[in-house]
Amino acid sequence: MIANTSSKKISDDLRSRDNTVNALPEAVRSNLYGRIKSIISSIGYEESVRLEEIRMKIEKPLMVANSSGDYFVNASGILTKNYREAYIVSEDDLTKTLELMSDSSVYAVQDELINGYITIRGGHRVGVVGKVLLRNGSIYNLKNISSLNIRIAREVIGAADKLIEHILRDENLQNTLIISPPQCGKTTILRDLARQLSNGNDSKGIKGVKVGIVDERSELAACFKGVAQNDVGLRTDVLDGCPKAYGIYMMLRSMSPEVIITDEIGTKEDIMALSTVLNAGVKVITSVHGYGRQDILNRPDLRDLIMGNLFDKIVVLSNINGPGTIEEIWERNEL
Amino acid sequence: MILKVIGSIMIIISSSLYGYGLSIRFENRFRSIREFQTAIKIIESEISFLHSPLPEAFEKVYRGLDSNIGEFFLQAVNIYKKDRYQSIALILANLINNKYKDSNLKREDKDTIVTFLSQLGSSDIDNQLNNINHVLHKLKLCENNALIEKEKNSKLFKSLGLLTGILLVIILL
């Protein structure tokens, strides 16, 4: 239930509901500081189970977001569209939350901070912005952190069920590129693909194969202290936090995978590394940010990627019928 | 007569032990400072090479030091696991503030370590390593001072204990 604060009656109804149940993962709640923790923990089950993001900005209203939009949160944990009722995030709330996330060790997440996010236990990713410090033209550090965006990761077992039958041909895996805008479930689908291909499934004619995940941004396997927090399968090796262009070569040399899965390729180096892998006879499943065929064809690097005949199948996702909706699938000869 | 001999021996043993007890404090201070230096060097390598968060680094210190200094670090980890709202470095600083006399550290030694801990974990790697170099330099000065005091006073207190006992026996006899 969401409060429309123009109606006092609705707000009163909401205040009287049972807020004792909260579906947010413990790994998220335990990394929130003091007041923020109690407010977010007060959000009722119905809303908390759908939460996708918790947004904190210093001296701004506390916000959460789900698939239907964003909401302010008041001091009782009630979602509202009226920002005047919202709890205002203090500097202490934000800095102490970040301290908790880094285990009192800001230096330990420095490398992640300069990429704009940190990954906490459970695979939840926390976006961070502030003042960027440069050294020799490269980002060296981030200070005066002013906003956090906690993106709640939820494994969806079976998310790739619909897709997997399209990318198998006579039990052989096809090299596949998934094109998807943000928030349309491409990472969730890649993760479930990794799990299903790795574990195998006789009923679907999938034999377990050795999968190598190159997880540059710790999103697919969501490793925390080296341990994958998501189920990515029995035969899966994860190279965590490594730039894709290097990681793909490392994985190829070190673990002899049959399939390499990686997320959000984009640079020329990534594409060169993928070409090498394909020439070595290893299958590739990967994704790229995009809004469909025309969008990709308008972007020179990505157009080359598609026209270069590296991939057998190209899948476009959207969230028209919820995240993970398959919009269209092209074969190589349809490009 | 036998009672006098036994009494005299007991007086001499007691005063000697008292003198030994006083002298050992100088040795313990010296040893404690060196152990803190070792602990900080373990933390330095954990930060510099592995980027380990402090709870992990503190556990490595506990495993690397077989002494009550290592126990401080383990206690800090255990307290932090129950209450993550406090910085683990500050938990350790509080423990040292409250119990530093057990390790025979002097106030100046303790202040150096506590000041270091107040900065630990709160900034980037370069700052952490600067902070570590600074505290190691200051602890080296404390160590030199402790060594001089140890050499000067350790034997003195042992001898004084024995001689005081003998003097007491002579006076009483």
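1. pLDDT is the predictor's confidence in each residue, on a scale from 0 to 100. Chain B averages 90 on that scale, and 100% of its residues score at least 70. For the complex, the predictor gives an ipTM of 0.79 and a pTM of 0.76.

2. A bit of bookkeeping. This is a predicted model, where local features need pLDDT of at least 70 and side-chain atom pairs count only at pLDDT 80 or more, while totals for chains, interfaces and linings use all residues. Residues are numbered from 1 along each chain as its sequence is written, chains are lettered from A and ligands numbered from 1 in the order in which they are written, and side-chain values use heavy atoms, with hydrogens and water left out.

3. On to the cysteines. There are 0 disulfides over all chains, a disulfide being a pair of cysteine sulfur atoms within 2.5 Å. Cys223(A) is in no disulfide, and its nearest cysteine sulfur, that of Cys242(A), is 12 Å away. (Buried means under 20% relative accessible area, exposed over 50%, and partly exposed in between, using a 1.4 Å probe and protein chains only.)

4. Two backbone angles to look at, both in chain A. Asn136(A) is not a glycine, yet its phi is positive, near 50°. Asn136(A) sits in the loop between strand E6 (124-135) and strand E7 (138-151), and is exposed at 78% relative accessibility. (Helices, H or I of at least four residues, and strands, E of at least two, are DSSP runs numbered from the N terminus.) Glu264(A), also no glycine, has a positive phi of about 55°. You'll find Glu264(A) in the loop between strand E15 (259-262) and helix H10 (268-279), and this residue is buried, at 16%.

5. Now the largest pocket, at about 980 Å³. (On a 1 Å grid over the protein atoms alone, a cavity is a set of points where a 1.4 Å probe fits but cannot get out; a pocket is an open set with protein on both sides within 12 Å along at least five of seven lines, and lining residues have an atom within 4 Å of a point. Grid points are joined across faces, edges and corners, and a volume is the space filled by probe spheres set on the points.) Of its 38 lining residues, Gln183(A), Cys184(A), Gly185(A), Thr188(A) and Pro323(A) lie nearest the centre. H8(A) gives the largest share of that lining, 5 residues. By class the lining has 13 nonpolar, 13 polar and 12 charged residues. (Ala, Val, Leu, Ile, Met, Phe, Trp, Tyr, Cys and Pro count as nonpolar, Asp, Glu, Lys and Arg as charged, and the others, Gly among them, as polar.)

6. The second largest pocket holds about 820 Å³ of space. It has 26 lining residues, and the closest to its centre are Ala108(A), Val109(A), Glu112(A), Asp240(A) and His51(B). The largest share of this lining, 3 residues, comes from E5(A).

7. Last, Glu27(B), which belongs to helix H1 (residues 2-50) of chain B. Setting aside neighbours within four places in sequence, Glu27(B) is in contact (heavy atoms within 4.5 Å) with Lys150(B), Ser154(B) and Lys158(B). Glu27(B) and Leu117(B) are 90 residues apart in sequence and 24 Å apart in space, C-alpha to C-alpha.
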